[in-house]
Every structure is written in C-alpha cells, then in structure tokens.
Amino acid sequence: MIILSNIYSFLNTYFENEVLVNTVSNVKYDSIGSFKQTIYPLVNVELLTIPTDAESNLLTFEFGITSVTERDFDKTVKNTKLIGKDNKIDNLNAMHYVLQKFLTKISRSNNEHNISIDGSTEMTPIEDGFSTGLDGFTFEVTISVPNTIPIC
C-alpha cells in the first residue's frame, strides 16, 4: 500500500529534520527505550489503526507519537528546597515543544501527498518512564489522505 509508505516517509522525514530530535523509530510503544544504540531525544511513530472503508474519499490512519529524552541528575550538593535536582521540567518542555510544533506546522501547511491531521488526543506526560529514566509526552493523531486506490 503506497499510501501507508508515503505517510510513514512523511512523518519520519519531518521528525528527522527536527533539530531537537536525534533518533526516529517505528516500534511498539512498549519497546521504546530498549535499544542501547539510541541517541536521545527520540520520537517514535507507531501505526495503531488503518482504514477499512474502500468507498470513502478519505483514508484515515491512527498513529501513536511519542517524544522522549533521558533525565539527567545533578549529584552536587546544593542548598535548595527543590526536590529532585534533575532536568525533568526541561525535558518535558523540550519534548512538548517538538510535538506541539509538529501539530501546528502540519495543521497549517500543505504537502505533496495531501496529508492532513483530522484530530489528536491530549498529550500524556511520561515521567521517568520505560525503566530507563525517560521524560516526554505521548499522544494519538488521526491522519487523513485522499483515497487514490482505484475501485475497478
């Protein structure tokens, strides 16, 4: 199905060109953070559902998109009331920026495959996740494209 290949290529290329992202993956959500060669920040694009209505003029695909980066801990002793002494807030801020920029840019621009965003869920924060200390956000997005599959 060339349409699905075009969507994956479009999404992967978009995030590969994002300066705040070092790695793009297409694995199941549970596998995020399990590859030792990963250089963070990482964006994972996972296909969740595909359309089955061949009569429709638009095909809609559901993707889960997750953006995470490693948490760093400051081990120096400081006189502060702040618990944690890590970069969790910075991580959440940067990963939210990556995903919000994606939604805003794709919603407001045209592209060669007429890929558009029909809707998205709220972003769910990830704090110290995937047993490797990753922070970021995940959400689901509905992407639609014109149905160019001939019926004959």
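This is a predicted model: local features need pLDDT of at least 70, side-chain atom pairs count only at pLDDT 80 or more; totals for chains, interfaces and linings use all residues.

Reader: How much of the protein chain is made up of buried residues?

Author: The protein chain has 152 residues. A residue is buried when its relative accessible area is under 20%. The share of buried residues is 40%.

Reader: Among contacts between residues at least 6 apart in sequence, what share joins residues at least 24 apart?

Author: Contact here means heavy atoms within 4.5 Å. Of the contacts in the protein chain between residues at least 6 apart, those that join residues at least 24 apart make up 61%.

Reader: What span does helix α1 reach from its first C-alpha to its last?

Author: Helix α1 covers residues 2-16, which is 15 residues. At 1.5 Å a residue, 21 Å is expected, and the model comes close to that. The span of α1 is 21 Å.

Reader: Which residues of α1 are buried, and what covers them?

Author: The cover of the buried residues includes the strands β1 (23-25), β2 (42-49), β3 (58-70) and β6 (134-146), along with helix α2 (88-108). The buried residues of α1 are Ile3, Leu4, Ile7, Phe10, Leu11, Asn12, Tyr14 and Phe15.

Reader: Is α1 roughly parallel or oblique to α2?

Author: Two packed helices are described by the angle between their axes and the distance between the axes. For α1 and α2 the angle is about 125° and the axes are 11 Å apart. Because of that angle, the relation of α1 to α2 is oblique.

Reader: Is the crossing of α1 and α2 left-handed or right-handed, and which residues make the contact?

Author: The crossing is right-handed. From α1, the contact is made by Phe10, Leu11, Tyr14 and Phe15. From α2, the residues are Val98, Lys101, Phe102, Lys105 and Ile106.

Reader: How many residues in the contact of α1 with α2 are nonpolar, polar and charged?

Author: In this grouping Val, Leu, Ile, Phe and Tyr count as nonpolar, and Lys counts as charged. By class, the contact of α1 with α2 has seven nonpolar, no polar and two charged residues.

Reader: Why does Phe15 count as buried?

Author: Phe15 is in helix α1. Leaving aside neighbours within four places in sequence, Phe15 is in contact with Val21, Val24, Val43, Val45, Ile65, Val98 and Phe102. Its C-alpha is 9.2 Å from that of Asn44, 29 residues apart in sequence. Phe15 counts as buried because its relative accessible area is 0%.

Reader: Is Ile50 buried or partly exposed?

Author: Ile50 is in the loop between β2 and β3. Beyond four places in sequence, Ile50 is in contact with Thr60 and Phe61, and the C-alpha atoms of Ile50 and Phe61, eleven residues apart in sequence, are 4.9 Å apart. With a relative accessibility of 49%, Ile50 is partly exposed.

Reader: Where is Gly133, and which residues is Gly133 in contact with?

Author: Gly133 is in the loop between β5 (124-129) and β6. With a relative accessible area of 12%, Gly133 is buried. Its C-alpha is 5.7 Å from that of Arg71, 62 residues apart along the chain. Leaving aside neighbours within four places in sequence, the contacts of Gly133 are Thr69, Glu70, Arg71 and Asp128.

Reader: What is phi of Asp128 and of Ser131?

Author: Asp128 lies in strand β5 and is partly exposed, with a relative accessible area of 45%. Ser131 is in the loop between β5 and β6 and counts as exposed at 77% relative accessibility. Neither residue is glycine, and phi is positive, for Asp128 near 55° and for Ser131 near 55°.

Key
Residues are numbered from 1 along each chain as its sequence is written. Side-chain values use heavy atoms; hydrogens and water are left out. Helices (H or I, at least four residues) and strands (E, at least two) are DSSP runs, numbered from the N terminus. The expected span of a helix is 1.5 Å times one less than its number of residues. Buried means under 20% relative accessible area, exposed over 50%, partly exposed in between (1.4 Å probe, protein chains only). Axes are lines fitted to C-alpha atoms, for helices over the stretch in contact, and angles run from 0 to 180 degrees between N-to-C directions. Angles under 35 degrees count as roughly parallel, over 145 as roughly antiparallel, 65 to 115 as roughly perpendicular and the rest as oblique. A crossing is left-handed if the near helix is turned anticlockwise from the far one by less than a right angle, and right-handed if clockwise.
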